[in-house]
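Subject: Structure handover

Hello,

Please find the structure below. My notes on it follow.

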Amino acid sequence: VPSRPIGIFDSGIGGLTVFREIARILPHEDLVYLGDTARVPYGTKSAATVRRYALQNLRLLMREEVKMAVIACNTASAFALSILRETFPIPVVGVIEPGCIGALRATRSRRIGIIGTEGTITSRAYERSLRDQSPDVFIATASCPLFVPLAEEGWWEGNIAEEIAHRYLRDLVAQEIDTLILGCTHYPLLKKTIAKIVGPEINLIDSAEETAGAVVTKLDRSALKHDPQKHPRRTFFVTDSPERFRKLGRMILQEELPDVHHVEI
Ligand code: DGL
């Protein structure tokens, strides 16, 4: 049913970077966001745990009668995309495939770097998706665990962010990649710092932007696009306190988030 909302979930606040892009290119759609703030981070948890959380999250969004689901979280996309697609009768979009398509479009040298959480990197989901589309591509990876708290602290630029980025990224740069996938919800917030460290020759692929494009394509294909009449509703659910979410959300979305509710999973 086209008039129903699009559901978006993440382990917490970072998925608002994906929400932001979807809201930007689909201003007429109703959006329901679930941030599992009580159980974040997913990036250090096992595949089985992340799968269980992802199933519970989408079950909750189904109660809101969403017409489509977006897994904004890279770690959950890496571990749970196929099980969610098998379990629920609606289209489910993850962030990994769109990011890979964007990277393959951008690269000239076919040398691609991927950064993400520990879970995302060890799952090798990005590598599989890249190789499915282009078997001969060279891939270098790194997990950057400190980027998540850094982004949540609002330290997106400055000496400390640059020092950490330098430590994480210097080996990747030495491998002469020409494209780097920002494979975690929080990393687009650090994009300026990452760009400064890797230099202007390396294309940065923001999975959030690529995913928003994939959502549009999927809506068109499944004839689920909402006609552009009314004022869209933007609703947020969180599993921990709404206050912290509102504060960080304001920094990411550059606007107030009035409609934030607490839910128990
Ligand atoms: N949302 C997660 C991701 O994109 C990052 C935060 C976490 O570890 O839960 O992988």
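This is a predicted model: local features need pLDDT of at least 70, side-chain atom pairs count only at pLDDT 80 or more; totals for chains, interfaces and linings use all residues.

Residues are numbered from 1 along each chain as its sequence is written, and side-chain values use heavy atoms, leaving out hydrogens and water.

The sheet

Helices (H or I, at least four residues) and strands (E, at least two) are DSSP runs, numbered from the N terminus. Two strands count as paired if DSSP finds at least two bridges between them. Strand 3 (residues 68–71) and strand 4 (residues 92–93) pair in the parallel sense over 2 bridges, and A69 stands opposite V92 in strand 4. Strand 3 also runs parallel to strand 1 (residues 6–10), joined by 4 bridges; there, M68 is the bridge partner of I6.

These strands belong to an open sheet of 6 strands with parallel pairing, in the order 4-3-1-2-9-10. Strand 4 and strand 10 (260–262) are the edge strands, each pairing on one side only.

In a regular strand the side chains alternate between the two faces of the sheet. In strand 3, M68 and V70 point one way and A69 and I71 the other, and all are buried (under 20% relative accessible area, with exposed over 50% and partly exposed in between, for a 1.4 Å probe and protein chains only).

Helix 1

How many of the 10 residues of helix 1 (residues 16–25) are buried? The count is 7, so helix 1 is largely enclosed by the rest of the structure. The buried residues are L16, T17, V18, F19, E21, I22 and A23. They pack against strand 1, strand 2, strand 3, helix 10 (207–221), strand 9 (234–238) and helix 11 (242–253), where contact means heavy atoms within 4.5 Å.

Helices 4 and 6

Helix 4 (residues 96–106) and helix 6 (residues 125–133) pack at an angle of about 50°, with their axes 9 Å apart. That makes helix 4 oblique to helix 6 (angles under 35 degrees count as roughly parallel, over 145 as roughly antiparallel, 65 to 115 as roughly perpendicular and the rest as oblique). Axes are lines fitted to C-alpha atoms, for helices over the stretch in contact, and angles run from 0 to 180 degrees between N-to-C directions.

I96, E97, C100, I101 and L104 in helix 4 meet A125, Y126, S129, L130 and Q133 in helix 6.

Regards
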